[in-house]
Amino acid sequence: MAGLSLKGTLQDEQLTVIEKGGVVVENGEIVAIADYRSLLQKYPDSEIAFIDTPMVLLPGFIDCHTHICYDGTRNRDYAMRIAGKSYLEIARAGGGIWDSVTKTRIADPVTLTENTVARANRHLKEGVTTIEVKSGYGLNMEGELKMLRAIQQAGLHTRATLVSTCLAAHMKPRDYAGTEDEYLQWVLTELLPVLQQEQLSNRVDIFIEETAFSVAAATRFLQGAGRQGFAATVHADQFSAGGAAVAVETGALSADHLEASTEKEIALLANSDTVAVVLPGASLGLGMHYAPARKLLNAGASVAIASDWNPGSAPMGDLLIQAAVMSAAEKLSTAEVLAALTVRAAPALQLKDAGQLVAGYAADMQAYPTGDYRDILYYQGKMKPAMVWKKGEPVL
Ligand code: NIG
Ligand code: FE
């Protein structure tokens, strides 16, 4: 994944493949990567671990969009959805985001931390070494702080790197009496300063949608959060277009979802530094079409793929299966998919030392039990890494 362009189409021939390769690791960092014979000559005193069966070594995956801190299930929503019920019918029957808010608000903090650690460790075993985790099932001071503290605690109990994001702007809580603007103002003036004091997060997210927050209110919110020093990402264009333009205009790091993006949003994203994050797990969970990843790449956008792992729309949480299944439908090359899970996901989280196997980067790596990297998508995500390293230490 070294030296790949961050934007636009990629052919497999553009991948750098080192045959009979080796990696020199010191203090958790990659020092050199080349064919192993030349490394043996150059680093004769290194401690050596030979792997003598064919393996494909990749950077650890970066999942730049998840909601893995939650309690309870939404299997009732799912059953209603596959029985043909609409979003509104499910919400009226007590489902939707608010159901997870209710369950997460009453969960004790230790349970939330344990749930998050368990999901992060499952990801880690499947080669995902860096994971973004959002709040957004608290939606009041106590609930959001409980979630973000649980995410911070979870980060101390898993080898995966967790990057937390405040999604207090997931929806206006049903028990908040004021307007959407007043709620977002409360987030800016009351909640965000506490996050800064406790160093719980320096990122915000907002769900822009007819059922969540409007374009105008979200624009004001993102500008305000930016002035307070928060980086931003946006749930954009999931069911209706509008959010991606706000993400680009306000300089958000990423615009995520994009299932409803039109040519206009595709062009805006392609001409910006905002990463277009597509979430095939949400399309699978909701039974809807994929985001136009092929068109985004053809237009020149930077496309990352993330799991959106959450109890409602994306309960599966298997990033590689989701990416592989989407690639078959959207006609994404192996190079485009692997870049979308590594080097192109890193800027969405402002990571400077992850997503590539190059000197100076963290030795976050995974090895697949095959001699041909094309097998990874061919088996549609069922081939899992046989070995995973976080900062040079084996976790498998
Ligand atoms: O990314 N789109 C909004 N939020 C989540 C869903 C979360 C939920 O349903 O609990 C998403 O798909
Ligand atoms: Fe999401």
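Is the crossing of α6 and α7 left-handed or right-handed? Take a look at the two helices before reading on; the crossing is right-handed. Keep in mind that everything here comes from a predicted model.

## Helices α6 and α7

Let's start with that pair. Helix α6 covers residues 141-156 and helix α7 covers residues 180-197, and their axes come within 11 Å of each other, crossing at roughly 25°. An angle under 35 degrees counts as roughly parallel, so α6 is roughly parallel to α7.

Who touches whom? On the α6 side you'll find Met141, Glu144, Leu145 and Leu148, and they meet Glu190, Leu191, Val194 and Leu195 of α7. Sort these contact residues by class and you get 6 nonpolar, 2 charged and no polar ones.

## Helices α7 and α8

Now follow α7 to its other partner here, helix α8, which spans residues 215-227. The axes of α7 and α8 come within 10 Å and cross at roughly 10°. That angle makes α7 roughly parallel to α8.

From α7, the contact uses Glu180, Asp181, Leu184, Leu188 and Leu192, while α8 brings in Ala217, Phe221, Gly224 and Ala225. The class count for this contact of α7 with α8 is 6 nonpolar, 1 polar and 2 charged.

## Helices α5 and α6

Back to α6, this time with helix α5 (residues 109-125): their axes come within 8 Å and cross at roughly 50°. With that angle, α5 is oblique to α6. The crossing of α5 and α6 is right-handed.

The list of residues goes like this: α5 supplies Pro109, Leu112, Thr113, Thr116, Val117 and Ala120, and α6 supplies Lys146, Met147, Arg149, Ala150, Ile151, Gln153 and Ala154. By class, the contact of α5 with α6 has 8 nonpolar, 3 polar and 2 charged residues.

## The parallel sheet

Time for some strands. Strands of a sheet pair through backbone hydrogen bonds, and they can do so in a parallel or an antiparallel way. In this model, 8 strands build an open sheet with parallel pairing, and their order is β4-β5-β6-β7-β8-β9-β10-β11. Its edge strands are β4 (61-63) and β11 (303-305), each of which pairs on one side only. Going from one strand to the next, the twist averages 25°.

Which residue in β7 is the bridge partner of cysteine 166? That would be valine 204.

## The antiparallel sheet

There is also an open sheet of 4 strands, ordered β3-β12-β13-β14, and here the pairing is antiparallel. At its edges sit β3 (56-59) and β14 (393-394), each pairing on one side only.

Strand β13 (residues 387-390) joins β14 in the antiparallel sense over 2 bridges.

## Around ligand 1

Last stop: the ligand. Which residues surround ligand 1? They are His67, Ile97, Ser100, Phe207, His235, Gln238, Ala282, Asp308, Asn310, Pro311, Gly312 and Ser313.

How does the shell divide by class? Around ligand 1 there are 4 nonpolar, 7 polar and 1 charged residues.

Terms used
Residues are numbered from 1 along each chain as its sequence is written. Chains are lettered from A and ligands numbered from 1 in the order in which they are written. This is a predicted model: local features need pLDDT of at least 70, side-chain atom pairs count only at pLDDT 80 or more; totals for chains, interfaces and linings use all residues. Axes are lines fitted to C-alpha atoms, for helices over the stretch in contact, and angles run from 0 to 180 degrees between N-to-C directions. Angles under 35 degrees count as roughly parallel, over 145 as roughly antiparallel, 65 to 115 as roughly perpendicular and the rest as oblique. A crossing is left-handed if the near helix is turned anticlockwise from the far one by less than a right angle, and right-handed if clockwise. Two residues are in contact if their C-beta atoms, placed from the backbone, lie within 7 Å. Ala, Val, Leu, Ile, Met, Phe, Trp, Tyr, Cys and Pro count as nonpolar, Asp, Glu, Lys and Arg as charged, and the others, Gly among them, as polar. A residue is near a molecule or strand if its C-beta atom, placed from the backbone, lies within 6 Å of it. Two strands pair if DSSP finds at least two bridges between them.
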